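Q: Please take a close look at one part of this model: the packing of its helices and the rings around them. A plain account will do.

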Amino acid sequence: MRTYHLETLGSFDGIVARDTARRPDPGPRDLVVRMRAVSLNRRDLLILDGSYPLKAAPDVVPLSDGAGEVVAVGDEVTRFSVGDRVTSTYFPRWLDGRITPALIDQPGVTLPGMLAEYVRLDQDAAVAVPGHLTWEETAALPCAGVTAWNAVTGGAEPMLPGETVLTLGTGALALFAVSFAKVLGAEVVATTSGPAKAERLKALGADHVLNYARNPAWWREVRELTGGRGADLVVETGGPETVEQSVRAAALYGRIALIAGNSPDRKSLEISTEALGSALVTMRRLFVGSRADFERMNRAITLHALRPPVDRVFGFGHDDVRKAYAYYATGAAFGKVVIRIA
C-alpha cells in the first residue's frame, strides 16, 4: 500500500510517498479502512510550515479528514462491520462533553493521519457517514463541517430560528455555516470578494452577500441590513484580520464563534476599546467538536439532504498530492480541496 509522510517541514517537497508490501492488520478494537478520499484543511498548511500549536510527530502521515470503506475489523469491534462507510473523527478520543488536555491528540499531527490507501482506526474514532454523499463530499466533514456545526448550534446560547448569522468568506467552514444556519431557520449575511462567488453563496442559501473588497468597512453594511441591530451570531473565520469588524457588526448581546486565532501577518487579536464599548458581545473560542457533535451534524445533513461544496479533486500520485497542497494554499477554492484515492 502507499502512504504519504511529512518527511521534512517547510515545503511541499517534504511530503513524500512510501510503498509497503501489505495493509495493516486490525487490533482487537480496530477497523482497517480502505480510504477513498481525503481533504485538506487550513491546519494542514500550518502543520507543514511548523506554526501549528501542536508539534508534528516525526515522519507523520498527514491530514485529519478522510473517508472510506471498512475492510477488516478486530475481534472486539461492535460498532461497525466490513463494508460500512465511515469517516475519521478529528479528536479520536473526544467522544462527548467538553474537551480536556488528555483528549487533544489529532490525526495528521500527533497521530498518523489519513493520507494513505489503508488506515487503522480505533472503532471509537470512526463515524458512519450520510448515505447520499459521495466519497469526496464525505471527506469534507470531519474538520470544517463539525466546526461549523458547533459554531452554529453549540455554546450556552445556540442560534435560534429568526436570528441573523454572519459568515465570512468562502472557505469550506464558512460555506458549511451558511447551509447549517439556513436549515435551522436563520437569516444569513455572508461576505466575499467578487460577484461570481456571491452568486454561489446565494445558491447555497445566503440571504445577503456583501463585497468586502468593494466596501472594506463591511460591518456598517451588516448593521444597515439588520436595521441597526447587528448580527446575532458571527462565525468568525478571519481571525486577526476581521475580528474588530466582527465585534462592530454584532448585535448588542451578539455572540461570536471564534474559529481562527492567527494569520500569516498578525500574531495577536486586536479589538479597539471603541468597538468593545459598542456591544455586550460574548466571544466563544471553539475547535472542531466531539464525536457526538459529528453524529448530530450527520443527522441534520441526512434529514435536509445537504451536500458540501467540493471545489477541486486531485489524484493520489506524488505530483498530484503536492499540487493539491499548493492549490489549497492559494486560497482560491470555493469549498473543499479533495484528494481521491483510487
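A: **Crossing helices and paired rings**

The model is predicted, with local features needing pLDDT of at least 70 and side-chain atom pairs pLDDT 80 or more, while totals for chains, interfaces and linings use all residues. Residues are numbered from 1 along each chain as its sequence is written, and side-chain values use heavy atoms, leaving out hydrogens and water.

Helices here are DSSP runs (H or I, at least four residues), as are strands (E, at least two), numbered from the N terminus. Axes are lines fitted to C-alpha atoms, for helices over the stretch in contact, with angles from 0 to 180 degrees between N-to-C directions. From helix 3, Leu141, Pro142, Gly145, Val146, Trp149 and Asn150 meet residues of helix 9 that include Phe294, Met297 and Ile301 (contact means heavy atoms within 4.5 Å). By class, eight residues in this contact are nonpolar, three polar and two charged (Ala, Val, Leu, Ile, Met, Phe, Trp, Tyr, Cys and Pro are nonpolar; Asp, Glu, Lys and Arg charged; the others, Gly among them, polar).

Another crossing involves helix 1 (residues 42-49) and helix 10 (residues 318-329), whose axes come within 10 Å and cross at roughly 110°. That angle makes helix 1 roughly perpendicular to helix 10. Arg42, Asp44, Leu45 and Leu48 of helix 1 meet Tyr325, Tyr328 and Ala329 of helix 10. This contact has five nonpolar, no polar and two charged residues.

Ile339 touches Val321 and Ala324, and also Phe314 and Phe316, among others, not counting residues up to four places away in sequence. Both of these Phe residues also belong to ring pairs. Tyr4 and Phe316 are edge-to-face, 5.2 Å centre to centre with 80° between the planes (rings of Phe, Tyr and Trp, its six-membered ring, pair if their centres lie within 6.5 Å; planes under 30 degrees apart are stacked, over 60 edge-to-face, the rest tilted). Tyr4 lies in strand 1 and Phe316 in the loop between strand 14 and helix 10, 312 residues apart. Both Tyr4 and Phe316 are buried (under 20% relative accessible area; exposed is over 50%, partly exposed in between, with a 1.4 Å probe and protein chains only). The rings of Phe314 and Tyr327 have centres 6.0 Å apart and planes at 45°, so this pair is tilted. Phe314 is in strand 14 and Tyr327 in helix 10, 13 residues apart. Phe314 and Tyr327 are buried too.

Definitions and conventions:
Parallel < 35°, antiparallel > 145°, perpendicular 65-115°, else oblique.
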